Amino acid sequence: MTIAILYGAPFSLFTGRARSYLIKAHVPYRETMPITEHYIKNVAPAAGDRQSMPTLELPDGEIIRDGVAIIDHFETKTGHGFSPGTPKQRVINRLLDVIGAEGLLRPAMHYRWNFPEQNLEFLRFHFQTAMPRGPGREERAAKAMNRMRGAGQAFGAEPDTFDTIEMLYIELLKVLDSHFSEHPYLLGGKPSIADFGMLAPLYAHLGRDPKPLSLMQEHAIHVFRWVERMNRPEHDVGEFETQDGEYLASDEIPSSLVNVLKHLAIDFVPETQAAAACINSWISQQDNLESGTECARGVGMANFQLRGVTINALAQPFRFYLLKRVQDEFESLDKQQQDEVTSLLDACQMTDILKMKLSREIGRQNNLEVWL
Ligand SMILES: N[C@@H](CCC(=O)N[C@@H](CS)C(=O)NCC(=O)O)C(=O)O
């Protein structure tokens, strides 16, 4: 084997983020569904015994499970090619990664699962392709679809929250569209970790399933183009006058991005606060949470208010595994840089996220996220 193998699927949210990274970093790879005999016998056991997408098999046989770990691997190896080096951009880079990959699951799942008339046949086809061939394929796909429908509800997409989710999403498209009408990527002329994180919900679900794709094409042409661009190896910036392929100079965070962040804060800040309280209370009730214990996807339900509506959403430790990277970037800055970043976060109504921490840290062992 001479190139990496990406085990994933076209309709998988987290595969979309890792795939885009591999494309932009020009890492040679081929993609296949995680259903081959080789995958089941050799890859999954080395991936913490988890059959999860995305998982990458490197040419030397090393297995990396989880999109974050895949990106970390190449960022470390190649000298952080997709991570800007200036203070504000460093913090915003990490912040948009966690918001994209963990904070927009609610609209992603809502627009996937709650529009069966437009989406169901499309999803049925895709879920079947991800099941082992042979008898029972359709039934197994139907079960997997039900599980994911349930996940959408667990992320807070319930009939009495649909209107709020939709209102916020259409507003998000509007502010993002305005940003991408001026800049090809979130931080300027070159993709960053922020773009890969935000692409996770905005590609496989919101930029590909029939219902949300039509919304994006109708309301946000520039966002649609960014999604396309993120899946192409070149910068793909033909419509822009500036084509320098660089992050914005002088550590600039343009006002169009501040507007995006301010809008994202409406949902991300109260949910993160509620999730931190829920997970910390769970941690305090564990008599014996040994170091190395695998971290579950969710450990309880967090409740919070969103534009006058109560949302009940799964409290997910992984959000804090990524949020810690934002906090670490901030803490590594000197006092003056911290002051500048704090003013920026104030303007985005995001400052509180610097204080939202779990009482136990999360790390990785044997391809699994574990409590340290
Ligand atoms: N944090 C992971 C999440 C991956 C994930 O949850 N993938 C889903 C499908 S999109 C899955 O395979 N879930 C099954 C499992 O995790 O065991 C990443 O960023 O890659």
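Two residues are in contact if their C-beta atoms, placed from the backbone, lie within 7 Å. The model shown in every view is predicted.

**View A. Domain 1 meets domain 2.** The domain assignment of the chain gives domain 1 as 4-77 and domain 2 as 87-110 + 161-371. Taken over C-alpha atoms, their centres are 22 Å apart. Across the boundary, 20 residues of domain 1 contact 22 residues of domain 2. On the domain 1 side, helix 1, strand 4 (63-65) and helix 3 each provide at least two residues. Helix 1 gives the most, with nine residues. By class, this side of domain 1 has 10 nonpolar, six polar and four charged residues.

**View B. The shell around the ligand.** Ser 12, Leu 13, Phe 14, Arg 50, Ser 52, Met 53, Pro 54, Asp 66, Gly 67, Val 68, Ala 101 and Phe 318 surround the ligand. Helix 1 (13-24) and helix 3 (67-77) each supply at least two residues of this shell. Seven shell residues are nonpolar, three are polar and two are charged.

**View C. Helix 5 packs on helix 7.** Helix 5 spans residues 105-113, and helix 7 spans residues 137-154. Their axes lie 9 Å apart, at an angle of about 135°. The angle therefore makes helix 5 oblique to helix 7. Helix 5 passes helix 7 in a left-handed crossing. From helix 5, the contact uses Met 109, His 110, Arg 112 and Trp 113. Helix 7 contributes Met 148, Arg 149, Ala 151 and Gly 152. The contact of helix 5 with helix 7 has four nonpolar, two polar and two charged residues.

How values were computed:
Residues are numbered from 1 along each chain as its sequence is written. This is a predicted model: local features need pLDDT of at least 70, side-chain atom pairs count only at pLDDT 80 or more; totals for chains, interfaces and linings use all residues. Axes are lines fitted to C-alpha atoms, for helices over the stretch in contact, and angles run from 0 to 180 degrees between N-to-C directions. Helices (H or I, at least four residues) and strands (E, at least two) are DSSP runs, numbered from the N terminus. Angles under 35 degrees count as roughly parallel, over 145 as roughly antiparallel, 65 to 115 as roughly perpendicular and the rest as oblique. A crossing is left-handed if the near helix is turned anticlockwise from the far one by less than a right angle, and right-handed if clockwise. Ala, Val, Leu, Ile, Met, Phe, Trp, Tyr, Cys and Pro count as nonpolar, Asp, Glu, Lys and Arg as charged, and the others, Gly among them, as polar. A residue is near a molecule or strand if its C-beta atom, placed from the backbone, lies within 6 Å of it. Domain bounds come from an automatic or database domain assignment.
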